[in-house]
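I opened my notebook to go through one structure, entry by entry. Here it is first.

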Amino acid sequence: MKMLSIIIKDLKTILSDKHAVAIIIIMPLILMTILSFALKSSFSDGDYFDESVKIAVVKLYNGDEDSRMFDETLRNGIFSKNMGEETINELGDSSRDVDPERIFFEEFLGSDEVSKIISYRIVDEKTAMELLDKKEVSAVVTLPEKFVYDMKINLVTPFRNNVDIKVEVHPDKSIEGVVVKSVMEAYSSAMSSVIIGKNVIIEEAMANGVGELKNLDDVMEEVTSVIEDMNIEIKDVLVEGRKSITSADYYAAAMMSMFILFSAGHGGRMLLEEKENKTYQRMIIAGTSRFGILSGKFVVVFLLSSIQITIMTIYSHFVLKVQWGSIINTAIISAAAAFAVAGLGTFIASATFKAGNFKLANTFESAIIQIMALLGGSFFPVDVMPEVIQNLSFLSLNGLALKSYLKVMSGYGLNDVIKSVAALGLIGLVFLILSVAVLRGKEEHYVKHNKVKAVKA
Amino acid sequence: MLKVENLYKSFGKINAVDGVSFEVKKGDVFGLLGPNGAGKSTTISMISTLLAPSAGEILYDGKSIFDNQKSVRQRLGVVPQEIALYPTLSGYENLRFWGSIYGLKGDLLKKRIDEVSDIIELNGRLKDRVDKYSGGMKRRLNIGAALLHTPEMLIMDEPTVGIDPQSRNHILDTVLRLNKQGITIIYTSHYMEEVEYLCNKVCIMDEGKIIASGSQDELVEMIREKTQINVRLNRMDSLIAEKLKEINGVSDARISDDTVVLHGENADTLLAEIALKVSEGGMFIKSIDVKKPNLEAVFLHLTGKALRD
Ligand SMILES: Nc1ncnc2c1ncn2[C@@H]1O[C@H](COP(=O)(O)OP(=O)(O)OP(=O)(O)O)[C@@H](O)[C@H]1O
Ligand SMILES: [Mg+2]
């Protein structure tokens with residue numbers, strides 16, 4: 001009851017201060033609006049990737065062996081029985097121009113579009129699993145035994161052999177997994193369409209004479225063009241799995257993560273302010289414990305930053321069309337961020353109280369928040385900054401929050417942000433403990449009196 | 001009701017309260033009078049359980065307040081010297097907050113806010129923000145905030161500082177009214193008139209010590225002979241001081257420029273004799289000035305300095 005009164009009173013006090021409201025609520029709304037429009041172009045390329053998805057490719061086949069085997073099959077195999085010598089020779093010639101490895105690695109994975117999204121290295125099976133384990137790659141793509149042989153059969157003869165390309169994904173990298181699987185599906189469906197086209201030609205050739213088989217070269221050219229067409233498909237898949245981050249998305253989250261720090265600044269002044277205008281003493285005289293008063297400040301900063309977050313998410317969603325992603329995940333991140341900010345604010349409050357001047361709170365607002373904003377990517381995305389800063393960004397509370405919000409926006413699940421959320425919780429807790437420790441030293445109230453009496457006696 | 005025994009409080013090298021003892025009985029309006037820095041607020045802070053004494057004991061109803069902090073805090077109302085309110089909140093919000101801090105809620109809280117705002121005559125302005133109030137209104141609200149939980153003793157630390165005479169009179173009358181309703185009052189001030197007007201018991205404090213105490217009557221009695229008479233003459237004869245001293249009831253006389261400064265009891269009867277002695281000496285009186293005894297005079301007498309600068 002008392003606590004509730006203290007909290008309500010503190011909230012009212014801050015919200016009745018026009019200057020405070022301007023800084024903690026109005027300013028971030030204005031800034032996120034301006035920045036999201038002003039910096040639109042730098043984000044127009046779309047997809048927010050920390051970097052391209054790394055995969056390992058394992059070759060279980062032997063290319064030369066497969067090619068030799070194919071030639072052999074072509075000559076002795078069952079399907080050539082119905083063909084004339086001429087046809088077989090034509091097929092043989094064509095098949096030498098058909099290189100499934102080149103198609104897969106150079107024309108497909110190496111294409112402009114795919115290489116932007118996926119970077120690969122070729123390793124053996126064991127290494128691939130190790131890399132996946134250490135999350136150095138997000139997925140392992142295994143090309144099966146006789147891959148070259150089977151693909152040649154598929155591409156050059158009327159037969160179809162099954163080619164199973166295996167994709168293994170790290171459980172923590174589910175989104176990346178979706179991307180890799182989609183890309184592989186796009187590959188196989190492109191291949192299918194080429195194969196169907198080719199079969200039509202071969203069947204015609206077999207019916208009408210070898211002359212028609214000359215068209216097979218055109219079919220091979222088609223492989224390349226189909227792969228180019230595939231790109232569109234990959235893009236569509238991406239939008240489904242992982243949303244791209246717009247400038248509005250980015251700066252809504254960035255400004256929000258930064259400006260909740262000002263709640264900590266305001267909360268940080270409150271305790272000493274109350275001491276200076278003697279309301280603190282009055283509360284003590286009325287029988288309120290100072291840790292009660294301090295916990296009030298904690299709750300107030302928590303509520304204040306929650307209010308900020310609520311207003312900013314709603315505004316950005318409806319006015320700036322920001323898609324925050326899963327509401328529950330956003331709420332969880334917000335609660336953790338507000339908790340961290342509240343811990344920080346409480347620490348500033350007790351340190352400021354102890355120091356008896358507002359230097360710390362002032363420095364926090366005028367310098368520390370700006371540094372944290374820079375480190376955490378509230379001004380520019382961290383990936384455009386030097387690596388040193390990128391490595392430091394986890395230190396900033398707002399950076400952790402921003403990273404988590406962006407991930408949820410682009411479709412990641414709670415699993416992918418849980419570490420940052422836990423880190424925020426830990427930050428809050430550490431500051432809370434520190435603030436109690438700081439305040440415990442100072443004690444000029446009655447509690448100590450027994451000691452004094454003892455000394456006197 | 002309240003007994004202060006040998007109270008000490010030092011801040012570093014400053015002995016803010018230096019061995020203070022006094023007793024307040026139920027129904028008293030007890031005045032603590034002293035100049036700036038005398039140690040009044042420090043004493044009050046210790047009684048109101050805000051500060052721990054360096055030494056000494058404070059008994060409330062015979063029990064140490066250190067052992068009964070909780071119940072003592074509920075029974076005391078404290079009006080701090082500063083306006084300890086939230087300026088950006090309304091008068092009503094302030095009263096509600098301080099009431100709830102003292103554990104009031106619901107209908108009782110509402111009822112007390114109504115009653116208290118009647119007492120401090122602020123009911124018309126409770127909706128306004130406190131920073132829009134006049135100095136006198138803030139002072140009244142500052143008092144109101146200490147009354148909500150119906151304390152049996154009200155401790156007021158210079159509740160009239162910095163306000164106009166009308167507001168001040170209003171506050172003084174409120175104090176007397178509260179006292180009539182049965183609230184015991186401790187009132188600190190450096191205004192003599194206030195203490196003379198209000199208090200049945202007075203302690204005069206200076207530099208952390210109590211230099212005089214008693215009922216109004218006792219104090220007046222004590223300073224009775226301290227009536228000061230300044231006699232300005234047309235010319236000065238150095239023998240006149242000795243002559244005036246011979247008058248029965250005059251305790252001392254000294255010359256300062258063209259004036260003889262006398263101290264004595266019962267000035268009214270002395271004046272005729274003074275006039276006679278002067279004319280015997282062949283001089284005449286240009287002006288005569290009688291300073292009747294008051295607390296100011298006592299203070300001046302006891303400390304050699306004025307109560308206020
Ligand atoms: N917290 C403190 N730390 C150090 N010195 C203090 C503290 N509080 C009071 N003092 C000193 O103790 C002395 C008594 O101060 P106190 O406030 O009790 O005087 P006062 O009688 O209330 O004066 P005033 O009429 O100006 O309110 C002063 O010299 C003051 O400077
Ligand atoms: Mg004082």
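I started with B:Glu115, which at 29% relative accessibility counts as partly exposed. My cut-offs: buried means under 20% relative accessible area, exposed means over 50%, and partly exposed lies in between (1.4 Å probe, protein chains only).

Ground rules. This is a predicted model, where local features need pLDDT of at least 70, side-chain atom pairs count only at pLDDT 80 or more, and totals for chains, interfaces and linings use all residues. Residues are numbered from 1 along each chain as its sequence is written, chains are lettered from A and ligands numbered from 1 in the order in which they are written, and side-chain values use heavy atoms, with hydrogens and water left out.

Salt bridges. I looked up the partner of B:Glu115 and found B:Lys111, in a salt bridge of 3.7 Å, N to O. The term means a side-chain nitrogen of Lys or Arg within 4 Å of a carboxyl oxygen of Asp or Glu. B:Lys111 is partly exposed, at 46%. Both residues sit in helix 4 of chain B, four residues apart, about one turn of the helix. Helices (H or I, at least four residues) and strands (E, at least two) are DSSP runs, numbered from the N terminus.

I then turned to chain A. A:Glu130 and A:Lys126 form a salt bridge, with their closest N and O atoms 3.7 Å apart. They are four residues apart in helix 8 of chain A. A:Glu130 is partly exposed at 39%, and A:Lys126 is exposed at 62%.

Next I asked which parts of chain B the pair B:Glu246 and B:Lys277 ties together. Their side chains meet in a salt bridge of 3.8 Å, N to O. B:Glu246 lies in the loop between helix 9 (240-245) and strand 12 (250-256), and B:Lys277 in helix 10 (residues 267-280), so the pair links parts 31 residues apart in sequence. B:Glu246 counts as exposed at 57%, while B:Lys277 counts as buried at 19%. I also noted a network: shared partners join A:Lys9, A:Asp10, A:Glu274 and A:Lys297 by salt bridges.

Ligand 1. Which residues come nearest to ligand 1? Of the 14 around it, they are B:Lys40, B:Ser41, B:Thr42, B:Gln81 and B:Glu158. A residue is near if one of its heavy atoms lies within 4 Å. I noted polar contacts too (pairs of N or O atoms within 3.5 Å). A polar side-chain atom of B:Ser41 is 2.7 Å from a ligand 1 oxygen. For a side-chain N or O atom of B:Gln81, the distance to an oxygen of ligand 1 is 2.8 Å. Taken alone, ligand 1 exposes 620 Å², and the protein buries 62% of that. These areas come from the Shrake-Rupley method with a 1.4 Å probe. Helix 1 of chain B gives the most to the shell, with three residues.

Backbone angles. Most residues other than glycine have a negative phi. I found A:Lys135 with a positive phi, near 60 degrees. A:Lys135 is in the loop between helix 8 (125-133) and strand 3 (139-143) of chain A. B:Glu121 also has a positive phi, near 50 degrees. B:Glu121 is in the loop between helix 4 (106-119) and helix 5 (135-144) of chain B.

Technical notes:
Polar contact = N/O pair within 3.5 Å; in protein donor to acceptor, adjacent residues only side chain to side chain.
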